[in-house]
Amino acid sequence: MSLDFATHLTRAQKRLIFLIVDALMAPSSLLVAIWLVGAAPTTGQGIWGLAPLLVTLMLVSGFASNLLGLPRIKLNSYELLGIVRTAIFAAVLGAIAYVLSFKLADFGSNAVFAVFTMFLLIATVTIRIVLRHLLIKIYRRGSDRTRILVYGASQTGQQLAMALQSDESLQLIAFIDDNPTVQNLVIAGLPVFSPVNLADLVRKERIDRIVLTLPSVSQSEQARLAHKLRALGCEVHSLPSFATLIGEGAIGSKSSPVTINDLLGRGNLSEQLPTVAESYSGRSILITGAGGSIGSELCRQIISCEPAKIVLFDHSELALYTIHKELSELAPQATVTPVLGSITDKGLVEHVLAQHQIDVILHAAAYKHLPLVEENAIAGLTNNVLGTKTVAEAARAAGVARFILISTDKAVRPVNVMGASKRLAELVVQDLASRPEGTRFSMVRFGNVLGSSGSVIPLFEEQIERGGPVTLTHDEVTRYFMTISEAARLVLLAGSYSRGGDVFVLDMGDPVPIRRLAEQMIAASGLQVKDAANPHGDIEIAVTGLRPGEKLHEELLISSDMLTTPHSKILRVQESALSEIEVANAVRDIKTALEQHDDDIARAIVARWITKDTEQADKAATSLGSSA
């Protein structure tokens, strides 16, 4: 009830209440002063003889209070400035009462007016302080408060504590400080504890957040401390000094955050690429790997094309639940069906295609994390090669109109199992495309996708947050990058441009040096690279050496035979492929290796077929060059 009353009062009503209180305080204080001093007016009819003076004081008090702006001072801001104005108010009223007494009531003693002035000051200040505490309690009872520990009882920490004393949503519990001289003291109304007691304090006091107020500590050290404190289950925030916040500190010299376009080294293409709604509107679309980075973005863009149905296919329960929930909220009118299962399950794939009468398949399901696939070659080949073969053959048998395989630049002259598995998946699709039976098969090949799971951007962000070092496999390593939005739009455009057996690539500009990317991200965090030239920097870049199967530079093309498409930024590549018999033999050999569960045999078989494919591509390129 009290909370509703306090929150529903308008600002004008609150001011009126304080104006009335100030107006009534003056005559009340005069009566108390007369009683305390024991004085009585020498003229008039007792207490009724004071009426003219009391009424006049009440009117003058209301006018003076409004003139000094006392009703306009918010209770949670009523501190030194408010008390000073109240003192002026009391002094003015005391002087006016003294002057009026000569005409309206002579007390015969000036002590009455001294006591009146003091009592009016004390009463007016007291009633505001009491109301302030009551109001804060009322607001705090009406909401859950975030419980906060302040790490660092420095001047910045004390300023924070003073600033948040009256906040109704935040509650400061205590200070934590490494300095033994301030431990066990009370500063700014809060006890100071040693970091030794931190874990117990967090548990006993149910702490929600820890705020670091350590402006003299380097940001890299703060990052390491924050990483350690998060293990306690709290949010951790860092507050710079207040001088820094208003521009006197180092914040003015920090670099502005690096943008996606800076990382790409070119303009963002997502707005330049044309829309593709007409190619997918009213169609039944199957997206494999729907819960992954690329798959989920495909879902978001497809849903805006108003398809007849979207079928989400993924083997991860959590990823499938997440994207299904998101799409259901994004477009509640759309028909979205989740299917939990593996693309290697031939029976399930065929059942889904038949049940939902699929028109278009966007095949994004793949194991793509290079080191993991290198360590688990059998799983990588099973999913990426045999899974693709299962879905592609089922698509042709079901009469699906279009099948688009999402590939990677690591499939070009691969030196690792992941890249080889994706190239073999391309060869399987190219083989089916050479024997068309109504389904148009195409492939989309692009480089690294910014922000996707397992990519370098989230890794660098995590390492910078921990205080470093940022790990780099080689000083000269480069990669092509694109945004998730661009990648998804390219996939959708490829489906509309496909004539069968095409490999589409995006003009991605120049490859990005990964060391430059690391330096930009460190600078964007307001930190400096720590190296021989800057030994006092914050974050070190550590070169760890190329991982097994990792290239120094990636390529997008096996051959240079490129054709244009309706969009200047998208190229169609004609590449040589293995024959039908060769593809069948390659798949058979892979199945044999998988049956033996021998990673080494599987790698040897894959290497043989990839070598054969590369040799044929090189011969085709040489033949094309000589004929030209």
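The following is a dialogue about a predicted model and the terms used to describe it.

Modeller: This is a predicted model, in which local features need pLDDT of at least 70 and side-chain atom pairs count only at pLDDT 80 or more, while totals for chains, interfaces and linings use all residues. Residues are numbered from 1 along each chain as its sequence is written, and side-chain values use heavy atoms, with hydrogens and water left out.

Colleague: What is the mean pLDDT of the chain?

Modeller: pLDDT is the predictor's confidence in each residue, from 0 to 100. The mean for the chain is 77, and 75% of the residues reach 70 or more. Over residues 248-258 the pLDDT stays under 50, and the model has 15 contacts for them beyond four places in sequence; a contact means heavy atoms within 4.5 Å. Residues 624-628 also have a pLDDT below 50, with one contact in the model beyond near neighbours in sequence.

Colleague: How many helices and strands are there in the chain, and what makes a run count as one or the other?

Modeller: The chain has 22 helices and 22 strands. Both are DSSP runs numbered from the N terminus: helices are H or I with at least four residues, and strands are E with at least two. Of the contacts between residues at least 6 apart in sequence, 76% join residues at least 24 apart.

Colleague: What span is expected of helix α3, and what does the helix reach?

Modeller: The expected span is 1.5 Å times one less than the number of residues. Helix α3, residues 51-68, has 18 residues, for which 26 Å is expected; from first C-alpha to last the helix reaches 25 Å, which is close to that value. Among the buried residues of α3 are Leu53, Leu54, Leu57 and Ser61.

Colleague: Why is Ser442 called buried?

Modeller: Buried means under 20% relative accessible area, exposed means over 50%, and partly exposed lies in between, with a 1.4 Å probe and protein chains only. Ser442 has a relative accessibility of 1% and therefore counts as buried. Ser442 belongs to strand β12, residues 440-446. Its contacts, leaving aside neighbours within four places in sequence, include Phe403, Val429, Ala494 and Phe504. In the whole chain of 628 residues, buried residues make up 47%.

Colleague: Why is Gly282 called partly exposed?

Modeller: Its relative accessible area is 48%, so Gly282 falls in the partly exposed class. Gly282 is in the loop between α11 (277-280) and β7 (284-288). Residues up to four places away not being counted, Gly282 touches Glu306, Pro307 and Ala308. The C-alpha atom of Gly282 is 9.7 Å from that of Asp359, 77 residues apart along the chain.

Colleague: What makes the nonpolar surface patch?

Modeller: A patch is made of residues with over 30% relative accessible area and no salt bridge; like charges are joined within 9 Å, and nonpolar side chains (Val, Leu, Ile, Met, Phe, Trp, Tyr) within 5 Å. Trp35, Leu36, Val37 and Phe119 make a patch of about 420 Å². Helix α2, residues 11-37, gives the most to this patch, with three residues. Trp35 is found in α2 and counts as exposed because its relative accessibility is 67%. Accessible areas come from the Shrake-Rupley method with a 1.4 Å probe, and for residues only the protein chains shown count as cover. For the chain, the accessible surface comes to about 30,000 Å², with 56% belonging to carbon and sulfur atoms.

Colleague: How do you know that Glu235 forms a salt bridge with Arg209?

Modeller: A salt bridge is a side-chain nitrogen of Lys or Arg within 4 Å of a carboxyl oxygen of Asp or Glu. The closest N and O atoms of Glu235 and Arg209 are 3.2 Å apart, and the pair forms a salt bridge. Glu235 lies in strand β6 (residues 235-238) and Arg209 in strand β5 (residues 209-212), so the pair ties together parts that are 26 residues apart in sequence. The structure holds 13 salt bridges.

Colleague: Where do Glu519 and Arg515 lie, and why are both called partly exposed?

Modeller: Both lie in helix α20, residues 514-524, four residues apart, or about one turn of the helix. An α-helix has 3.6 residues a turn, so residues three or four places apart point the same way. Glu519 is partly exposed because its relative accessible area is 33%, and Arg515 because its value is 22%.
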